[in-house]
Amino acid sequence: MRSFVCGVALAIAGLSSPASAQPVSAAPQARPNVAAAKPTASSGSRGAACHNGQSFDQFLAGLKQQAVAAGVSQRAVAAASPWLVYDPKIVNRDRGQRVFGQLFTEFSRRMAADYRMQNGQLKIKQHAAAFARAEKEFGVPPAVIAAFWALESDFGAQMGNLPTLPSLVSLAYDCRRSKMFQGETIAALKIIDRGDLSPEEMIGSWAGELGQTQFLPTHYFNYAVDYDGDGHRNLLRSPDDVIGSTANYIANGLKWRRGEPWLQEVKVSADVPWDQADLTIQLPRSKWAQFGVTYPDGRPLPNDSMPASLLLPMGRFGPAFLAYANFAAYTEWNNSLIYSTTAGYLATRIAGAAPMRRPSAQIAQLPFNELKEMQQPLTRAGFNVGKIDGIMGQQSRSAVKTMQLKYGLPADSWPTAELLTQLRAGAR
C-alpha cells in the first residue's frame, strides 16, 4: 500500500506503547487552522522545475481542472479549496525523513507485542459479524485484517492529526513524487464528492493516509465499502467499514488467495542451501523438508507440493519462516521487509500460533555507517541497491547474497563484518 517511510512512521513514532484503542469520537473535527503558505524560493523552484515553471497557484488551477475532467464536481472542488494550500513543512518532512535500521527481533517484539495480539483477538470477538461477513465475501481471515488494523493505528487510537488535503497538494507540487500525489489529491476530492468524508473530517498522517488502516486516497476511493449501512464509507469512525474495506483491498487490490496460508515459522538445519533462502525462489514444501526444514517443535513439514520461500530476516542464525504466495500481499502493502514480516507474524499470533523462537545467541548487526559503506562497493560492482542509505532492502540483500557466493561465504543475504572486510579488500 505504501513505502516503508510513509506507512510505518506512525508505527515507529506513535504505537510503541499500549493504547486504549477506543474508537475515535463521532463528533466532527474542528476546522483545521491551515494558513495559506506560499512556497519559498527554494521550495517553489523545486516544484516549478517539473511543472514548466508554474507557481503553486498556477499548478493548483491546473490540478483543479484535471479533477473536474476526472468527474469531480465543482461543488466538491469549491468545498475543498480552503484546504488546498501549500505547506512547506510537509515537503521538508518528506525530503528529510530517514528510517532507522532495526533488528527484526527488536521491531517485532515491540510491534507484535502480546497486548496487540490480545487486542486483535478481542476486536475479532467484538465485531464478529463484520469479520465473518468479510471472510465470506473476500476470503481474508480475520487475523490478517486485525494485524494490519493493529499495526497501522492501534485500532483507531493513532491515525495522525494533520489535515490531509494540504499534505497531498503540497507533495503533488513537489517534484519527488508529483504524479503520484496529483492522483492522490484528485482521489481525495472524489471521496469528498461521493459524500464519504468532508474536507474537515480528512485528518490523518503527514503523508496523506486516512483511516484506521491508513489508506491512501486512491485505495480509499477504490476499495472502501459501506459495511454499517449508513450510506457512507467512513474509515475513520466505523469499525465495520474498516473491516470490510481492508478485506476488499487485501483480496482485490493485493490479490489474496482464499484458503491459503501466508507465513509460518520454521526451524532450519545447517544443511539448508542458504542461497535458496530468497523471496524470489519458491520450492515445494517437500523440498524444504529434504533440506532439513521442520516446524519449530521438530515436527516434519507436509510432504506436498505447496510452493513456499524460505525467509531469513536476520540470516541463518535468526528466525526463519516459510513465506507462501499470500505473503506477497504483505510486501505489496508495505515494501519494508521488517514491517511486512512483522505484520504477517502478528497475524499468525492473532490466529493462535505460538510465540516466535528467539535466537539462542545475539546476532550482530553492522552499524548504520558500515551498512552505508557496504552499499557503495555493491553499487560500484553494478548492483542496483537503490539509495545508499544504510537500509538493507530487498535489492541490497540480493546484492549481498551474490557477493557472499563470490567470496565463498554462507549466502544467507545477511550483511556481516566478514563480507564487509572482503569488499574493502576488493576495493583496495
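## Aromatic cluster, buried helix and open sheet

Phe148, Phe215, Tyr223, Tyr249, Trp256, Trp262, Phe327, Tyr330 and Trp333 form one aromatic cluster. The model described here is predicted. In total, the structure holds 19 aromatic pairs. Among them is the edge-to-face pair of Tyr249 and Trp333, with 5.7 Å from centre to centre and 65° between the planes. Tyr249 belongs to helix α14 and Trp333 to helix α16, so this pair ties together parts that are 84 residues apart in sequence. Tyr249 and Trp333 are both buried. A further aromatic residue, Tyr227, has Arg133 over its face, at 3.7 Å from the ring centre.

Phe148, a member of the aromatic cluster, is also one of the buried residues of helix α10. Of the 12 residues in α10, 12 are buried, so the helix is largely enclosed by the rest of the structure. The end C-alpha atoms of α10 are 17 Å apart, which agrees with the 16 Å that its 12 residues should span at 1.5 Å a residue. Just after α10, Asp154 adopts a positive phi of about 50°.

The structure also contains an open sheet of four strands, in the order β3-β6-β5-β4 and with antiparallel pairing. Its edge strands, β3 and β4, each pair on one side only. Four bridges join β3 to β6 in the antiparallel sense, and Glu265 stands opposite Phe321 in β6. Helix α17 lies across β3, β5 and β6, and runs at about 90° to β3.

| β3 | 263-266 |
| β4 | 283-284 |
| β5 | 307-311 |
| β6 | 320-323 |

Note on methods:
Residues are numbered from 1 along each chain as its sequence is written. This is a predicted model: local features need pLDDT of at least 70, side-chain atom pairs count only at pLDDT 80 or more; totals for chains, interfaces and linings use all residues. Side-chain values use heavy atoms; hydrogens and water are left out. Two strands pair if DSSP finds at least two bridges between them. Helices (H or I, at least four residues) and strands (E, at least two) are DSSP runs, numbered from the N terminus. Contact means heavy atoms within 4.5 Å. Axes are lines fitted to C-alpha atoms, for helices over the stretch in contact, and angles run from 0 to 180 degrees between N-to-C directions. The expected span of a helix is 1.5 Å times one less than its number of residues. Buried means under 20% relative accessible area, exposed over 50%, partly exposed in between (1.4 Å probe, protein chains only). Rings of Phe, Tyr and Trp (its six-membered ring) pair if their centres lie within 6.5 Å; planes under 30 degrees apart count as stacked, over 60 as edge-to-face and the rest as tilted. A charge sits over a ring if NZ of Lys or CZ of Arg is within 6 Å of the ring centre and within 35 degrees of the ring normal.
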